[in-house]
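User: I have a structure to go through with you. Can we start with how you use the terms, then move on to one residue and the overall fold?

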Amino acid sequence: MSHSRIGKRSATMTHLLDTNAWLRVIARPDELSSAARRLMNQRGILPFALSAISIWEVTLKARKRKLELLPTTDRWLESALNRSLVQVLPIDAVIARLANELPGAFHEDPADRFIAATALQLNLAVITSDPKILAYNAVRSIW
């Protein structure tokens with residue numbers, strides 16, 4: 001019997017970590033904002049949602065040697081994803097289309113577009129320090 005939470009959506013999930021927030025939660029929690037730390041300690045708030053695009057983005061940074069994942073990328077991911085902290089959400093056809101049709105003005109970073117589309121489609125607040133996502137009024141964001 002598998003205990004993986006990948007692809008299964010919890011009914012109580014209300015927040016989506018962007019890639020940088022996820023990295024901070026895993027490796028540098030002291031860099032989280034006070035609001036993000038309060039959320040992590042709030043009863044019943046976990047798991048946080050994590051878009052599958054964040055896994056792509058982290059492994060891309062590792063491949064380009066802009067990020068070191070120790071001891072290996074696979075082991076780092078196994079540890080980072082086997083926590084009750086995050087639940088990976090797939091990119092489905094609706095989210096893929098919405099990423100290209102986001103309402104209002106939004107920048108062109110593909111990963112951020114998928115994260116915003118996921119948040120919009122599933123009514124999740126994004127936990128992010130990214131000023132471009134924080135300024136985007138179509139999704140709720142917290143930092």
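Analyst: One term to begin with: buried means under 20% relative accessible area, and exposed means over 50%. Note that this is a predicted model.

User: Thr19, then: buried or exposed?

Analyst: Thr19 has 3% relative accessibility. The cut-off for buried is under 20%, so Thr19 counts as buried.

User: Which helix is Thr19 in?

Analyst: Thr19 lies in helix H1, which covers residues 19-27.

User: What does the side chain of Thr19 make a polar contact with?

Analyst: The partner is the side chain of Glu57, at 2.5 Å.

User: And which residues is Thr19 in contact with, leaving aside neighbours within four places in sequence?

Analyst: Those are Ser54, Glu57, Val58 and Ile115.

User: Changing topic. How many helices and strands does the protein have?

Analyst: Seven helices and five strands. Their order along the sequence is β-α-α-β-α-α-β-α-α-β-α-β.

User: What share of the residues is buried?

Analyst: Buried residues are 45% of the 143.

User: What about contacts between residues 24 or more positions apart?

Analyst: They account for 64% of the contacts with a separation of 6 or more.

Conventions:
Residues numbered from 1 in each chain as written. Predicted model: local features only at pLDDT ≥ 70, side-chain atom pairs only at ≥ 80, totals over all residues. Heavy atoms only, no water. Helix = DSSP H or I, 4+ residues; strand = E, 2+ residues; numbered from the N terminus. Buried < 20%, exposed > 50% of the residue type's maximum accessible area, 1.4 Å probe, protein only. Contact = heavy atoms within 4.5 Å. Polar contact = N/O pair within 3.5 Å; in protein donor to acceptor, adjacent residues only side chain to side chain.
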